[in-house]
Amino acid sequence: MSALTFRLREAPPERLDLSGLVPHRIGALSLSDIERLPIGTSRIGVAVADIFTVSEGERGEIRFQGGSSRFDLLGAGLESGQLTVEGDVGQRLGQAMRGGSIEITGNAGPFAASAATGGLVRIAGHADERAGGATHGAMHGLDGATLVIEGDAGDRLGERMRRGLILVGGRAGDYVGSSLIAGTIIAPAVGDNPGYGMRRGTIIAAEHGVLLPSLVPTGRHRLVVAQLLRRAVARIRPQSAELVTERAERRAGDLATLGKGEFLMPAS
């Protein structure tokens, strides 16, 4: 059986809360029940049938034909199954998801995969600020899941990230890994002040902007663990694995905080 499909009928008149359209929440509902679910965020409000044409299919696989920057909280709390969006999505994609996979063919808004503890989020386009970062007032960002961004990532990628892996195909903005608690971020290029306030964790980049004076050079190292990391990354995104080299220039920091993090640059 094909996927349960939501075909976008028209541009949403307001921001939508799509957190309810995940397999474990709609698996037992009839098609008519799904169409009546409220997804609006204003006093007027809209239901699923006002925005989408819904076609029956396998509940463990959900497909959205057509996207919008007003698609908020898509895949939030996802436990299993697969979600695919043919287009863009809004903020907090995959927030607090625990498993399964999400694939976006377009761009994503702020806070993608924030607090996600498991599963895979793959964005074919760009991601806005704080992808893998903590939402306002939250204690931590990405917390064990894997986030892949094929395009560019905005500022503060992985802010207060606690565990997990972030792979970027393009350029990441300023303050990558700010207040990083743990986890690994890999990008070909990052902006200014990567690792600002980081306590632990690893940032790997071939190019960078201005570096903090509290990221202290420790020399060129031969990293045994790099072989294990390279193999793990290659299974997810082979291009990113090329940045994980056995020899690397290492900086430790941020020494203005706990200072047990590291910033690695590939070395020949």
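Me: Where does Gly 77 lie?

Reply: First, a quick note: this is a predicted model, where local features need pLDDT of at least 70, side-chain atom pairs count only at pLDDT 80 or more, and totals for chains, interfaces and linings use all residues. Residues are numbered from 1 along each chain as its sequence is written, and side-chain values use heavy atoms, with hydrogens and water left out. Helices (H or I, at least four residues) and strands (E, at least two) are DSSP runs, numbered from the N terminus. With that in hand, Gly 77 sits in the loop between β5 (71–72) and β6 (82–86).

Me: Is Gly 77 buried or exposed?

Reply: Buried means under 20% relative accessible area, exposed over 50%, and partly exposed in between, using a 1.4 Å probe and protein chains only. Gly 77 has a relative accessible area of 8%, so it counts as buried.

Me: Which residues is Gly 77 in contact with, leaving aside its neighbours within four places in sequence?

Reply: Contact means heavy atoms within 4.5 Å. Once those sequence neighbours are set aside, the partners of Gly 77 are His 24, Gln 95, Ala 96, Met 97 and Arg 98.

Me: How many aromatic pairs does the structure hold, and what kind do Phe 6 and Phe 64 form?

Reply: Rings of Phe, Tyr and Trp (its six-membered ring) pair if their centres lie within 6.5 Å; planes under 30 degrees apart count as stacked, over 60 as edge-to-face and the rest as tilted. There are six aromatic pairs in the structure. For Phe 6 and Phe 64, the distance is 5.1 Å centre to centre, with 15° between the planes, and the pair is stacked.

Me: Which strands does that pair of Phe 6 and Phe 64 link?

Reply: These two residues are 58 residues apart, so to speak from distant parts of the chain. Phe 6 is buried at a relative accessible area of 0%, and Phe 64 is buried with 0% as well. Their strands are β1 (residues 3–8) for Phe 6 and β4 (residues 58–65) for Phe 64.

Me: Why is the pair of Phe 52 and Phe 64 edge-to-face?

Reply: Phe 52 is in strand β3 (residues 52–55) and Phe 64 in strand β4, twelve residues apart. Both Phe 52 and Phe 64 are buried. Their ring centres are 5.8 Å apart, and the pair is edge-to-face because the planes are at 65°.

Me: Which residues do ring pairs link into a cluster?

Reply: Phe 64 has already turned up in a pair with Phe 6 and in a pair with Phe 52. The cluster linked by ring pairs consists of Phe 6, Phe 52, Phe 64 and Phe 71.

Me: Which residue lies over the face of Tyr 175?

Reply: Tyr 175 is in the loop between β10 (163–168) and β11 (184–189), and at 26% relative accessibility it counts as partly exposed. A charge sits over a ring if NZ of Lys or CZ of Arg is within 6 Å of the ring centre and within 35 degrees of the ring normal. Here the distance from the ring centre is 4.5 Å, and the residue is Arg 156.

Me: What is the phi of Arg 130 near?

Reply: Most residues other than glycine have a negative phi. Arg 130 lies in the loop between β8 (120–123) and β9 (143–149), and counts as buried at 17% relative accessibility. Its phi is positive, near 60°.

Me: Which residues is Leu 211 in contact with, leaving aside neighbours within four places in sequence?

Reply: Leu 211 is in the loop between β12 and β13 (216–222). At 18% relative accessibility, Leu 211 counts as buried. Its contacts are Pro 194, Arg 251 and Phe 263.
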